[in-house]
Amino acid sequence: MGKILPLGESIRMAALDSVEREFLHRLSLIQVHGLGLSVDAYSPDFTSLLGALHRRQVRPAYLEVFRAAPAALAVIKRQASDVLLPYHGEGLWVTQPGIADDPLFAEEVHEVAGHLQTLDSAWMNHECATKSIAGYSFGTYLPPLYTEPSACMVAENTRRVQELLDRQCRLSHGAAPLVLLEMPPLTYFVAGTMAVPRYFQVVIESAPCGLVLDIGHLWTVYRYSGAWRRASLGQFVSTFLDEFPMHRVVEIHVAGLSIHESGSTAASGPVKESGDGFLPAWIDAHAAPIPAVLFEMLDQVLSHPGLTSLRGLALEVDTKPVELIVDEFALFAERYRSMQFPTKDMPVVSEDRVPGLPKAERLSDAVARGLEEAYDRYARVAVGRADPVGTEWTHSTACADALDTYRAIYLPYEILHWGGDVESMFPETCRRLAAQGVSLSRFVHFWFSRPRPRARSYDFFLVKIERFVEFVQDEAREVCGIAEQEADELRRAYDAANEPLVQTMSEYP
Ligand SMILES: [Fe+2]
């Protein structure tokens, strides 16, 4: 006789089952994409990359395209019309409380729906991470706060994105693209009270999304969660995969890792592993070569019996030199060309058997408010305006100096050099500031001195321009005119930057 579940548990199981069935139904409409590349329209130039792949006679079965201007996406669709083109989104900060009711968020999803329609993308992958928290802006991703309310919030926001895409986007096969969430990298530290795999388990229990497992990101979880102190890499991966919802993994990424480009000793020093070797302080770096250890991890992932929904396996190569991309993809295609994607045993759920998702339960106001406060604290700790105390920061003591490295080296580098070197962007203004004895390190302090709510779609380069002009207004008002002039030139150049690309791309045969 079967086990009799308490009523509440039965309802939860029924809801969970319907979420799972909805995922399976959406997945059954997505064909196997095979071996691909996750690329950027501009960096490296898409046309040059296509040409180089063509000359070496290596052909990715799909190209996952990072968010770009609609005109550039349209050209990519024309140039690569015989290749599947899923999409890598950006700017939908699903980890953040309050976004579901934000009109700016609805506008951003609407824009993304247009991109997906242009490319006819079967999925939209998005990092489960953000670059904007509680009014503080960052250049690279911060992972979510790994707590239970945060996971529930991500599930709620992800469902919201899927619902909006369902209404606004209809692909050639008649369905809407499936939303995939990618497990983000750790950059020196982690905050929360839950293990990373358990977090994603909670997310998928109430969101019918797929997941992307990035092998390099997984390596950074080993390195910066402190797991390397307790287990070998192989043991860590094995335990992680057994806890992670592998049956929801639709795509796998493999990208480069390297020490931080500042080259500072604190950001590059190796630590002793529990076994024989030393672990370098690598972070996610798409431009860097892919280390061999990631392919060993990939083989372990591919042999996991839970991996039943995989549709694509891609090298993520934005910002990487073209020749290196082609070399790495040729080897990768050779190594994995006979790989079997799991389609045969996948249960196909027909539309009439999908009962429709029960209305999403929203977090109570009190929980949502608590989460907002938690993210506010998280941002202030990350930028050095609060101490890492409390249960959410217990893990960070596993890598005691890692948060310091993030605050003292990584963040200042990001503000002053990454995604636009301030001295190259504002040469005359910087010369005059230096003459007055104003150090640019004060700009980093200014950037994080207070939260500034966002009024438009997120663009780190434009935020940097705006923030620098404000800084000059504060520090040296008499230089402000020059700063504004240089800012205008930068904005004009930035707007025009896409045009030559689109023309070059159109010339590809
Ligand atoms: Fe990735």
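**Terms and their cut-offs**

Modeller: W447 is found in helix α15 (residues 441-447); helices (H or I, at least four residues) and strands (E, at least two) are DSSP runs, numbered from the N terminus. This is a predicted model, in which local features need pLDDT of at least 70, side-chain atom pairs count only at pLDDT 80 or more, and totals for chains, interfaces and linings use all residues. Residues are numbered from 1 along each chain as its sequence is written, and side-chain values use heavy atoms, with hydrogens and water left out.

Colleague: Why is W447 called buried?

Modeller: Buried means under 20% relative accessible area, exposed over 50%, and partly exposed in between (1.4 Å probe, protein chains only). W447 has a relative accessible area of 2%, so it is buried.

Colleague: What makes S137 a residue that W447 touches?

Modeller: Contact means heavy atoms within 4.5 Å. Not counting residues up to four places away in sequence, W447 touches S137, I415, R452, F460, V463, K464 and R467.

Colleague: Which protein atoms are donors of the iron ion?

Modeller: Donors are N, O and S atoms within 2.8 Å of the metal (3.2 Å for Na, K and Ca); water is not among the atoms, so sites may look incomplete. E182 (OE), D214 (OD), H253 (ND1) and E316 (OE) lie 1.9 to 2.4 Å from the iron ion and are its protein donors.

Colleague: Why are D214 and E316 called buried?

Modeller: D214 has a relative accessible area of 0% and E316 has 2% relative accessibility, so D214 and E316 both count as buried.
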